[in-house]
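User: Please go through this model with me, one question at a time.

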Amino acid sequence: MDVIALMDALNIPTAVLAGYDWGSRAACVVAALWPERCTGLVSVNDYLIQDIAHAGTPLPAKLEWGIWTQFYFATERGRAGLAANRSNIARLLWTNENPTWHFDEAGLMGSNKEGIMRRIALVAVAVIVTTFASVAAYMQSASGQSTGDAAPIYGVKIPDGYRDWRLISVKRLTGKQLTGAGGELKQLRAELGNDLAIKAYREGTLPFPDGSIIAALHWNEGSSDADNQALAAGFPGLDLESTFAGSAVNVQFMVKDSKKYADSGGWGFADFTNGKPGSEALHEKCFPCHQPGKDRDYVFTRYAPTP
Ligand code: HEC
């Protein structure tokens, strides 16, 4: 939880996690429970993910020996182990910690119980060693890295990896060509979000947190005779027609940074065609036209239900 909270605080949506010793446990647990936040894992040392359900059950003293330096006597498992295997633990300690001390069975088993307990307690305190773990989160932040030319006004570049972001919704836009070139406009559109945006959508968080990015991918509608013939053969008489995302038109981004873009509702806007940013005139229109969405943080698109 702390690792995730730290990443959230630093606006790091995804990272390569590296951990050593207890840190590798933390890194492994994050990788298992939040796979979407972990793009890679470097894990050094053992006892990775624990079987919590059975973690309290003591093993024979000899096996516990291998791990009890870390925490054994500070836990319920250590208490249970001491109750269940007291004499074996005592024997192990007497043998390993005092190799030159020749004790006899009677001495071990009872004549000097108090002394034994004191010794065990002393050794136990001495061996409780806390290993400080380090988890290094290397920034591989989708919102932090971007390439190519920056769009005018807002300076937003194309964020790396946006094509792999998760789906918010799809849209269809039809009408006359925006460029005024005549002809019919038929576009299919997909809205995708980076991890922070998707999380905000799913949890209903408004305004979107800094670091959220929403991408709008626009394509010309395409259609395939082969697809339609297959549909007609399967469902005769229904005149089914299928269309799909054909040639790419452009991609637009809204990038949340409440300080940097305080004058435009906290959003930076950017439009790219073939990787090249659109004109300044085009970018002047973005925020004013998004005003009607003010109540929803200037975002029009709603999260599509999961079918
Ligand atoms: C004419 C008004 C208008 C202009 C100008 C405009 N938008 Fe939008 N934008 C919309 C509407 C309406 C939607 C939702 C419908 C859709 O996506 O087709 C939308 C959707 C979006 C989305 C998806 C998130 C959302 O709000 O639903 C992004 C990202 C986006 N626009 C970015 C931009 C950028 C960048 C510019 C400027 C280059 C821009 N928009 C200019 C009206 C506009």
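User: In β11, which residue is the bridge partner of Thr 273?

Analyst: This is a predicted model. Two bridges join β10 to β11, and the two strands run antiparallel. In β11, Thr 273 has as its bridge partner Lys 276.

User: Which strands stand at the edges of the sheet, each with a single partner strand?

Analyst: The sheet is open and has six strands, paired antiparallel in the order β6-β7-β8-β9-β10-β11. At its edges one side of a strand is left without a neighbour in the sheet, because that strand has a single partner. The strands in that position are β6 and β11 (276-277).

User: At about what angle does α9 run to β7?

Analyst: α9 lies across β6, β7 and β8. Relative to β7, the helix runs at about 90 degrees.

User: Which element gives the largest share of the largest nonpolar core?

Analyst: That core has 26 residues, and Ala 197, Ile 213, Ile 214, Ala 215, Phe 253 and Met 254 touch the most other members. Two or more residues come from each of α9 (195-203), β8 (213-223), β9 (243-256) and β10 (267-273). The largest share is five residues, and it comes from α9.

User: How many charged residues are in the shell around the ligand?

Analyst: The ligand is surrounded by 23 residues, the closest being Asp 271, Cys 286, Cys 289, Phe 300 and Thr 301. Elements giving two or more residues to this shell include β6 (166-176), β7 (184-193), α11 (280-284) and α12 (286-289). By type, the shell has twelve nonpolar residues and six polar ones, and the number of charged residues is five.

Note on methods. Residues numbered from 1 in each chain as written. Predicted model: local features only at pLDDT ≥ 70, side-chain atom pairs only at ≥ 80, totals over all residues. Core = buried A, V, L, I, M, F, W, Y, C linked by C-beta atoms within 7 Å. Buried ≥ 20, exposed ≤ 12 C-beta atoms within 10 Å, placed from the backbone. Helix = DSSP H or I, 4+ residues; strand = E, 2+ residues; numbered from the N terminus. Near = placed C-beta within 6 Å. Nonpolar A, V, L, I, M, F, W, Y, C, P; charged D, E, K, R; others polar. Pairing = 2+ DSSP bridges. Contact = placed C-beta atoms within 7 Å. Axes fitted to C-alpha atoms, helices over the stretch in contact; angles between N-to-C directions.
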